Amino acid sequence: MMNDKNSQKIVDIIQNWARKHSIWVLAYGTGCGAIEIPPTMTSRYDAERLGVRGAATPRQADVLLITGYLTVKTMKRVIRVYEQMQDPKYVIGFGSCTINGGMYYDSYNTIKVLDKYLPVDVYINGCMPRPEAVLSGFAQLQKRIAEGRANGAQQYKDNLEWYRANQKKIIPNWIMPEYNW
Amino acid sequence: MREKATTLYIGPQHPGITGNMMVKVQVEGDTIVKARTEVGYLHRAFEKLQERRNWLQSFTLLCRFCVPEPDPVEESYARAVELLEGREVPERAKYIRVLMLELARIGSYMLWYGGQNGSLGLYTMGQWSVGDRNYILDLFEELTGGRVYHMYIWPGGVRRDLPEGFAEKVLRTMDYLEKRLKDYDDLMFDNTIFQKRTQGVGIISKEKAVEWGVVGPVLRGSGIKSDIRIDDPYEVYDKLDFIVPTHEGGDIWSRALVRRQEIRQSIRIIRQVIEQMPSGEYYNRIPNPHKWALPKGDAYARTEATRGEVGMYIVSDGGVHPRRIHFRGAAYVHGITLLEDLLIGENVADISAIMNSLGTCPPEIER
Amino acid sequence: MKEIKENIIQRIKANFADAAEKNDFKDNRVDFSVKKETIPSILFYLKDEMGFIHLSHISCVDWLEEGELEVVFIVWSPKDKIKVFVRTRLDRDNPVMDNVDMIWRQANTYEREMREMFGVQFTGLVAPEEFLLEDWQGPPPFRRDFDTAAYAEKTFWHRPGREDAQDVRETIANRDGEEIPDFAKKYSR
């Protein structure tokens, strides 16, 4: 039902309209994709006109942008960061390596499919995706938010056990607080 | 009264950290008494994956070693392979390589401008310099097809010739940047905030710089004239006229001045390269990459990047696949041990500025 | 350049009897192979007496077939503009050698990495055990008998579709019933 646009209540429509115009991205460059974020944010591409801007801490951020490959060591921190973020929250997978491992498909230290570990709302492909692609990814996310389809956080809550099992499979030493929001 | 020591974790998710790494510091009040870096967040095991790739496939992975400036890495690899194999490089390719490397150097410094000033809270500079960097990336895009990763300088030469009218575009961009550099100076070096926050902060003395094996602009900022382009010249740097700026202070300010002057020198080099560039072949063709075996032996080639000496050590067992490719990142040296030592006695607020001035680049530490 | 190389070889040979030299390189390079016990003293000698003050690189190579690990030190002399390779072989089953981070401070980082990635033990190395990896339970991963592809296959999820080199354009066209434009066909296999 969540996916049906007609089922949105009027309050949801207003809420989503507001949310889509203020996407704050967590400043966490997890991989090499972080290099195309400064050009996206600065004068030429100027993502701020879409309401996209950086946020310093997870609690203020709406979007977790996974910029590229995630090593197992970073994965642990990313999960922690994602769980600290407050609703509404979205995940964008950035670059080929989040989609299918990219050129690191046989590496022993990087994860290959991001959406098995975190709920991904939008993927941006490419190695490296250009700033235009990043902007288009954000526009896609805005569209999904407006339609009420960007419900990754809800999905994570509903399927927490499945996600947890996947996460624990690659992170041997699991010391994390419980996820309770 | 002595304050109680508190442990702070700066990173890995922290806007001031250059890339994805962590510095664990113990502070008393605002002063750091102990620092310990933790790296490994970006370890993709390139050097393991190369066991499964052939010599040309490895090359595609290699440029991912350092994100802000991948060309010196390609250059080091290409030269190491050529050294081992004894492959000749056409003269024109050498000039094109130098052009590429110097453009990459300017591009990387433009990004550094943004990072260094952003770490001190001066965000206008980033808007200007990162925006202007796009003009260099446009040149790269026209030449190689990629903005960030070029995969252009490969064993045997370069991948394609300069397109028509490219040289004029480069010169036009250089003229523009030269004009802009003055604006940057007004905004950055004349800025009292920048002066106060960088002068006398993060001092590396001459003796310490030598002892800890510091390289690149950081070493030159400590007053030692050392540059691989001069000391161990590669490609055509021995035919070009440029100077290596040094400053005595050893603080962030001196390192910033060194970098600032190097941009000017790079522009000079680019103009000379375009003037002197000969015509002719640009690529000495390699055989079918799937059957391309290098002779048994090893080679080490190094290149001056914006962070210092970038080296590539390759070992061949006579086969199609490399036995070992080991990359020496410039930040490998001063990003870990030196940083831990340097931060002691500094303020917490200066961590980010110091890291930016050292040019710490975690992906090349962890690879 | 030739005289400098000869001079270096002579001085090293006079002081270190077990050093086997190699000097047939096209670039400015001289190569010495020594026993692992000699490593600290030859490096001290190179640095303090001969002006090789800059440590460029330390690398480790796994020669699985010969059952040995090779450790290579590359040092550079800014005065003579020459680089010297010092190499030694360690037993692969029990790779132990002396720590050299009192000669060059940055050697500490290299040794930490070698300890983790190749399992080389350095006597007297003071550094945290973990460097790049966290909670790693397998063998030292850079050794050649560790199969990274099999490990990745076993440990991580893989998205299907990478098994063969598929033509993505055709896949998309089949799925959506979309026509492949002529300019794209040119590049299709």
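This passage describes the fold of chain A, the contact between chains A and B, and the sheet of chain C.

The structure is a predicted model, in which local features need pLDDT of at least 70 and side-chain atom pairs count only at pLDDT 80 or more, whereas totals for chains, interfaces and linings use all residues. Residues are numbered from 1 along each chain as its sequence is written, and chains are lettered from A and ligands numbered from 1 in the order in which they are written.

Chain A contains seven helices and five strands, where helices (H or I, at least four residues) and strands (E, at least two) are DSSP runs numbered from the N terminus. Read from the N terminus, these elements follow the order α-β-α-β-β-α-β-α-β-α-α-α. The radius of gyration of chain A, taken over C-alpha atoms, is 16 Å, close to the 16 Å that the globule rule (2.2 Å times the number of residues to the power 0.38) gives for 181 residues, so chain A is as compact as a globular protein of that length. Along the principal axes, the C-alpha atoms of chain A fill a box of roughly 45 × 40 × 25 Å. Two residues are in contact if their C-beta atoms, placed from the backbone, lie within 7 Å; among contacts in chain A between residues at least 6 apart in sequence, 80% join residues at least 24 apart.

The contact between the two chains takes 30 residues from chain A and 29 residues from chain B. On the side of chain B that touches chain A, the elements giving two or more residues are α2 (55–62), α4 (91–118) and α5 (123–144) of chain B, and α5(B) gives the most, with five residues.

In chain C, an open sheet of five strands has the order β1-β2-β5-β4-β3, with mixed pairing, two strands being paired if DSSP finds at least two bridges between them. Its edge strands, each of which pairs on one side only, are β1 (20–22) and β3 (54–63) of chain C. Strands β3(C) and β4 (residues 68–77) of chain C pair in the antiparallel sense over nine bridges, and the bridge partner of Trp63(C) in β4(C) is Glu68(C). Two helices lie across strands of chain C: helix α2 (residues 39–48) lies across β4 and β5 (82–91), running at about 170° to β5(C), while helix α3 (residues 107–118) lies across β3 and β4, running at about 10° to β3(C). For these angles, axes are lines fitted to C-alpha atoms, for helices over the stretch in contact, and values run from 0 to 180 degrees between N-to-C directions.
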